[in-house]
Amino acid sequence: MYKELDRGRDRDRFIEDESKGDYPVYQGKNIHQFCYESTYVDDLKPISLWSVDEDNEELSAKRRVREKNFRARDDAISLKKAIYNKFADDPEFRHLPASSQKRFVNRLLTEEFDRPELSLEDIRLHSSEYRLVLREVARATDERTLIAAVIPPGGVVVHTLYTVRPFEANPTKDDLSEFPMHSAYDRVFSDKELFVALGLINSIPFDFLMRTKVDSHASKYKFEESQAPRLTDGDDWFHYIADRAAKLNCYGEEFAEMRERLGGIEPATDMETRRELQAEVDAAVFHAYGLDEEEMQFVLDDFHRVSNPRIMTEAYFEKVAEKYTYLGALRKQIVGQVELSL
C-alpha cells in the first residue's frame with residue numbers, strides 16, 4: 001500500500017477542467033465497494049480532477065509519479081536499486097566500480113549492454129495496469145469501514161486513496177539491454193489474485209476485524225497487521241470469490257480488456273444480481289476464514305448498523321447467513337462425493 005500523489009503538495013499537476021485533461025485523478029470519494037464510478041452508487045462523487053500527458057512535463061501528474069518512483073529507495077520500486085542489488089556482486093561485472101549505485105548502474109547499461117543510462121523513461125508506471133485502491137478515510141461508525149475497488153488503467157491516485165502497486169522491479173540480464181526497460185517489472189498479482197484480494201478486503205469478516213482498529217483512517221500499519229486468508233489458485237474458495245468479485249467490478253468499457261483476460265466473463269449489471277453476488281462473496285469469505293456457523297452469526301449480529309443503509313440491511317445480513325449455510329452444505333456434499341469416488 002502506498003499513496004501515489006498528494007492533493008496539496010502535487011496540486012500544480014491537477015486541473016478541474018475535464019476538457020483540458022487527458023486522464024482522471026481518482027480520490028476517495030470517487031470509488032465504492034466494487035465500483036470505480038457512479039453507475040451502481042447514486043451518491044458517489046464524479047471525477048473532479050484531471051491531469052495531462054507527459055509531453056507537458058511541468059504539468060503532468062504521471063511525470064511526477066515517474067520522478068518519485070525513479071528516486072525511490074525500496075528495491076521493489078526503485079529500478080536503479082534493484083539492478084544494483086542484483087548485479088553489483090555478479091562476477092561477470094566485477095570490473096565495474098560498485099561504490100556508487102548510480103555510477104555502477106549507468107556504466108553497466110552503457111558499457112556492457114550498449115544502451116543509454118537509466119532514465120525516467122525506464123520506469124514503468126503502475127497506472128498502466130488495473131490496480132487495487134482503498135479509501136483512506138475509514139470510520140468504524142459508517143455502514144462499511146473498508147471500501148475498495150479495482151480501477152482501470154490510465155488514471156492516477158491522490159492521497160485519499162491507498163493503492164497497491166501492481167508491479168515490482170525484478171530485472172534480469174535480458175532486460176538490461178531493453179530501452180525503455182519496462183520488461184524488468186513483474187506483476188505482483190495475477191488477474192484472479194487481484195480480484196480474490198478485492199473480495200477479501202471488501203468482505204464483512206475483514207471489515208469486522210478492521211472496525212476494532214480504526215477511528216477515522218485506515219492507516220497502512222493497521223491494515224497490514226490484520227489477518228486475511230492467503231488464498232492462491234487451488235485453494236478452497238479462491239475461484240469462487242475471485243469470479244464473483246470480478247463480475248461485480250469489471251463492468252463498463254474500461255474493463256473490456258480485463259473481462260477478456262478473465263475468459264470473457266459477463267459483468268453483473270442489475271442491482272438484484274449484484275446484491276446476490278456480494279452476499280455470496282461475504283458468505284464464502286466466512287468459510288475461507290474457517291469460522292463456524294455460531295461465529296459467523298455473532299459477526300453478523302454484532303456488525304454496526306446505520307439508520308439508512310445503502311446495502312447492509314437486515315435482509316442483506318439474512319441473505320449472507322443463508323448463503324453461508326448453503327455453501328457449507330454444498331461443500332460437504334462435494335467432499336463426500338470425492339471421498340466416495342476414492
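On a 1 Å grid over the protein atoms alone, a cavity is a set of points where a 1.4 Å probe fits but cannot get out, and its lining residues are those with an atom within 4 Å of a point. This is a predicted model, in which local features need pLDDT of at least 70 and side-chain atom pairs count only at pLDDT 80 or more, while totals for chains, interfaces and linings use all residues. Residues are numbered from 1 along each chain as its sequence is written, and side-chain values use heavy atoms, with hydrogens and water left out.

**Cavities**

- A search of the whole structure finds four cavities of 30 Å³ or more, where a volume is the space filled by probe spheres set on grid points that are joined across faces, edges and corners.
- The largest cavity has a volume of about 70 Å³, and its lining is made up of His32, Gln33, Phe34, Cys35, Tyr40, Val41, Arg274, Arg275, Gln278, Arg310 and Ile311.
- That lining of the largest cavity divides into five nonpolar, three polar and three charged residues, with Ala, Val, Leu, Ile, Met, Phe, Trp, Tyr, Cys and Pro counted as nonpolar, Asp, Glu, Lys and Arg as charged, and the others, Gly among them, as polar.
- The second largest cavity, with a volume of about 40 Å³, is lined by Lys192, Phe195, Ala242, Asp243, Ala246, Leu262 and Ile265.
- Helix 4 (191-201) and helix 7 (238-249) are the elements that give two or more residues to the lining of the second largest cavity, and helix 7 provides the largest share, three residues; helices here are DSSP runs (H or I, at least four residues), numbered from the N terminus.
- In the lining of the second largest cavity, five residues are nonpolar, none is polar and two are charged.

**Helix 3**

- Helix 3 (residues 101-112) has twelve residues and reaches 16 Å from its first C-alpha to its last, close to the 16 Å expected at 1.5 Å a residue, the expected span being 1.5 Å times one less than the number of residues.
- Its buried residues are Phe104, Val105, Asn106, Leu108 and Leu109, where buried means under 20% relative accessible area, exposed over 50%, and partly exposed in between (1.4 Å probe, protein chains only).
- These buried residues of helix 3 pack against helix 2 (79-87), with contact taken as heavy atoms within 4.5 Å.
- After helix 3 comes Asp114, whose phi is positive, near 50 degrees.

**Salt bridges**

- The structure holds 33 salt bridges, each being a side-chain nitrogen of Lys or Arg within 4 Å of a carboxyl oxygen of Asp or Glu.
- Arg115 pairs in this way with Asp122, their closest N and O atoms being 2.7 Å apart, and both of these residues are buried.
- Glu276 forms a salt bridge with Lys319, the closest N and O atoms being 3.1 Å apart; Glu276 lies in helix 9 (residues 271-289) and Lys319 in helix 11 (residues 314-341), so the pair ties together parts that are 43 residues apart in sequence.
- Glu276 also forms a salt bridge with Lys323, where the closest N and O atoms are 2.4 Å apart, and this pair, again between helix 9 and helix 11, ties together parts that are 47 residues apart in sequence.
- Glu276 is partly exposed, with a relative accessible area of 26%, whereas Lys323 is buried, with a relative accessible area of 15%.
- A network of salt bridges links Asp10, Asp12, Arg13, Arg64, Glu67 and Lys68.

How values were computed
On a 1 Å grid over the protein atoms alone, a cavity is a set of points where a 1.4 Å probe fits but cannot get out, and a pocket is an open set with protein on both sides within 12 Å along at least five of seven lines; lining residues have an atom within 4 Å of a point.
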